[in-house]
Amino acid sequence: MDYYGSQMSRLIEQLSSLPGIGGKSAQRLAFHIIHMPKERVQQLAETILEARNNVRYCSQCCTLTDQETCPICSDPSRDKKTIMVVETTRDLAAYEKTGKYEGVYHVLHGAISPMLGIGPSDIKLKELMQRLQGDVEEVIIATNSSLEGETTAMYISKLIKPTGIKVSRIASGVPVGGDLEYIDEVTLLRALEGRIEL
Ligand code: ZN
């Protein structure tokens, strides 16, 4: 039975299709939206549309940005010869929060997972290899310490080794299976400083 009328039900259904939003949360959000001032709803809808239309991958590091090149890659004070490889833009944000890393990043948008059928060509690896044809001294692999993260780190290091570019892996201290974005800044810095050459 449709208790709410079709438009309300459709709103609840659409919201519950988002990740992490169950039926109850979707209902709560839908009621909240219905009671919001119309201008605020308009603003929210426009913000979502604008972000979806304009946010894309940085032409250098593949992080999400609304410009051709992200602010980190466009910053002349960043050391372009040191590239830290991370799985997601959220991981990049975690390292940026430490304020101590002066190099640039490369965002893979995932990790290799034979179990989930995610192979090397499904992440931004080709883009990384292209960047390495430029003037690069070190690649720091900061993928998560999950099975997928380790598999990816191993794969990348094997790929880069023949180029003669230094490859290092952030130190343990980042707990196994730990998601980088939930780890505090001190631990992240320690992991970065204690990185081991592969
Ligand atoms: Zn960038």
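His109 is partly exposed in this predicted model, with a relative accessible area of 26%. The residue sits in the loop between strand 4 (103-107) and helix 6 (125-131). Its backbone deserves a look too: His109 has a positive phi of about 60 degrees, although it is not a glycine.

Cys62 also has a positive phi, of about 70 degrees, and is not a glycine either. This cysteine belongs to the loop between strand 1 and strand 2. Is Cys62 buried or exposed? With a relative accessible area of 5%, Cys62 is buried, because anything under 20% counts as such.

| Residue | Relative accessible area | Class |
|---|---|---|
| Cys61 | 2% | buried |
| Cys62 | 5% | buried |
| Cys73 | 10% | buried |
| His109 | 26% | partly exposed |

Now to the metal. Which protein atoms hold the zinc ion? The donors are the SG atoms of Cys58, Cys61, Cys70 and Cys73, lying 2.3 Å from the ion. The angles among these 4 donor atoms run from 105 to 115 degrees, and the site is tetrahedral. That assignment follows because four donors count as tetrahedral if all angles lie between 85 and 135 degrees. Along the sequence, the donor residues follow the spacing C-x2-C-x8-C-x2-C. Cys61 lies in the loop between strand 1 (56-57) and strand 2 (64-65), while Cys73 lies in helix 4 (residues 71-74), so this pair ties together parts that are 12 residues apart in sequence.

Finally, a helix pair. Two packed helices are described by the angle between their axes and the distance between the axes. For helix 5 (residues 89-98) and helix 8 (residues 185-193), the angle is about 95 degrees and the axes are 9 Å apart. Helix 5 is therefore roughly perpendicular to helix 8, since angles of 65 to 115 degrees count as roughly perpendicular.

Which residues make this contact? From helix 5 come Ala94, Tyr95, Lys97 and Thr98, and they meet Glu185, Leu188, Leu189, Ala191 and Leu192 of helix 8. Sorted by class, the contact of helix 5 with helix 8 has 6 nonpolar, 1 polar and 2 charged residues.

Technical notes
Residues are numbered from 1 along each chain as its sequence is written. This is a predicted model: local features need pLDDT of at least 70, side-chain atom pairs count only at pLDDT 80 or more; totals for chains, interfaces and linings use all residues. Side-chain values use heavy atoms; hydrogens and water are left out. Donors are N, O and S atoms within 2.8 Å of the metal (3.2 Å for Na, K and Ca); water is not among the atoms, so sites may look incomplete. Four donors count as tetrahedral if all angles lie between 85 and 135 degrees; four count as square planar and six as octahedral if opposite donors are over 155 degrees apart and all others between 65 and 115; anything else is irregular. Helices (H or I, at least four residues) and strands (E, at least two) are DSSP runs, numbered from the N terminus. Buried means under 20% relative accessible area, exposed over 50%, partly exposed in between (1.4 Å probe, protein chains only). Axes are lines fitted to C-alpha atoms, for helices over the stretch in contact, and angles run from 0 to 180 degrees between N-to-C directions. Angles under 35 degrees count as roughly parallel, over 145 as roughly antiparallel, 65 to 115 as roughly perpendicular and the rest as oblique. Contact means heavy atoms within 4.5 Å. Ala, Val, Leu, Ile, Met, Phe, Trp, Tyr, Cys and Pro count as nonpolar, Asp, Glu, Lys and Arg as charged, and the others, Gly among them, as polar.
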